Amino acid sequence: MTTISQIEAILFVVGEEGIGLEELSYLLELSTAKTYESLTALKERYETDDQSALNILEVGNHFVLSTKKSFAPLLKKYAQSPISNALSQAALETLSIVAYKQPISRVEVDEIRGVQSAGSMQKLVARQLIEEKGRVDGPGRAILYGTTAYFMDYFGLKSLEELPDIQQMEEEIAEELPLDLFFDRYKELNEEEQTEINESEEEN
């Protein structure tokens with residue numbers, strides 16, 4: 001396990017919030033100079049490797065693992081693809097957590113789910129179901145997410161108070177997330193949309 005591979009692993013886990021040089025140095029138990037040297041080496045390796053889609057960005061004194069700009073059209077096409085319109089269970093879990101715990105950062109979502117949620121969060125943002133609601137006060141200024149007006153309309157909610165009482169469901173949430181509210185409604189609406197698409201294609 002090399003220093004570069006350790007940096008790569010940490011950058012992957014911290015996601016879009018990124019990590020500062022001092023914190024990274026502390027985790028690796030290296031000087032900031034040595035850590036920066038390894039970061040630079042990893043960044044250069046990504047940039048010169050045509051077989052890699054990754055890159056490292058320095059944003060506000062934080063380092064973030066990102067995809068190269070040349071992949072933007074492909075990723076946009078994926079987000080808008082009708083084949084990927086149906087939300088996965090992972091995305092529904094993530095949406096459920098954001099709805100109940102908002103405003104919430106991606107790291108907090110990861111802690112609740114126990115797995116990395118960056119992909120699900122990005123897809124929910126692309127679907128306009130969640131959006132940035134602010135930033136955490138403190139190092140890193142992590143993004144805080146919450147549900148959108150489109151989310152409220154899509155699920156037929158007039159206010160977040162119409163969600164089941166979170167206090168009564170805390171124990172259930174710890175064991176099994178309240179997906180039924182979202183999964184059943186989403187499945188119903190998705191089927192309605194597909195029917196409309198099929199009818200439109202038949203008319204044409």
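Which residue in β6 is the bridge partner of S105? Hold that thought for a minute while I set things up.

Hi everyone. What we have here is a predicted model, in which local features need pLDDT of at least 70 and side-chain atom pairs count only at pLDDT 80 or more, while totals for chains, interfaces and linings use all residues. Residues are numbered from 1 along each chain as its sequence is written, and side-chain values use heavy atoms, with hydrogens and water left out.

A quick word on labels: helices (H or I, at least four residues) and strands (E, at least two) are DSSP runs, numbered from the N terminus. Two strands pair if DSSP finds at least two bridges between them.

In β6, the partner of S105 is L144. That bridge belongs to the pairing of strand β4, residues 104-105, with β6, which is antiparallel and has two bridges. On to strand β5, residues 130-135: five bridges join β5 to β6, and these two also run antiparallel. Here G134 stands opposite L144 of β6, and E132 stands opposite Y145.

Put together, that's an open sheet of three strands in the order β4-β6-β5, with antiparallel pairing. β4 and β5 are at the edges with a single partner strand each, so one side of each has no neighbour in the sheet. Helix α5 packs on this sheet and touches β4, β5 and β6 (contact means heavy atoms within 4.5 Å). The direction of α5 makes about 95 degrees with that of β6; axes are lines fitted to C-alpha atoms, for helices over the stretch in contact, and angles run from 0 to 180 degrees between N-to-C directions.

Now, burial. I'll call a residue buried under 20% relative accessible area, exposed over 50%, and partly exposed in between, with a 1.4 Å probe and protein chains only. Strand β6, residues 143-147, is mostly covered, with five of its five residues buried. I143, Y145 and T147 point one way from β6, while L144 and G146 point the other way.

And α5 itself? That helix covers residues 89-101, so to speak its 13 residues, and ten of the 13 are buried, so α5 is largely enclosed by the rest of the structure. Among the buried ones are L92, E93, I97 and Y100. From first C-alpha to last, α5 reaches 18 Å, close to the 18 Å expected at 1.5 Å a residue; the expected span is 1.5 Å times one less than the number of residues.

Let's move to the other sheet. This one is also open, with three strands in the order β1-β3-β2 and antiparallel pairing. Its edge strands are β1 (19-20) and β2 (54-59), each pairing on one side only. β2 pairs with β3, residues 62-67, over six bridges in the antiparallel sense. Looking at individual bridges, L57 has V64 of β3 as its partner, and L54 stands opposite T67. The hairpin of β2 and β3 has two residues between the strands, and G60 there takes a positive phi near 55 degrees.

Next, the helices. How are α2 and α3 oriented relative to each other, parallel or perpendicular? The axes of α2 (residues 21-28) and α3 come within 9 Å and cross at roughly 100 degrees. The two are therefore roughly perpendicular; under 35 degrees counts as roughly parallel, over 145 as roughly antiparallel, 65 to 115 as roughly perpendicular, and the rest as oblique. On the α2 side the contact uses L21, E22, L24, S25 and L28, and on the α3 side T32, T35, Y36 and L39. Those residues divide into five nonpolar, three polar and one charged.

Last stop: L160, in the loop between α8 (149-154) and α9 (166-175). L160 is partly exposed, at 36% relative accessible area. L160 and A99 are 61 residues apart in sequence, yet 7.9 Å apart in space, C-alpha to C-alpha. Leaving out residues up to four places away in sequence, L160 touches Q102, T147, F151 and M152. Thanks, that's my tour.

Terms used: Nonpolar A, V, L, I, M, F, W, Y, C, P; charged D, E, K, R; others polar.
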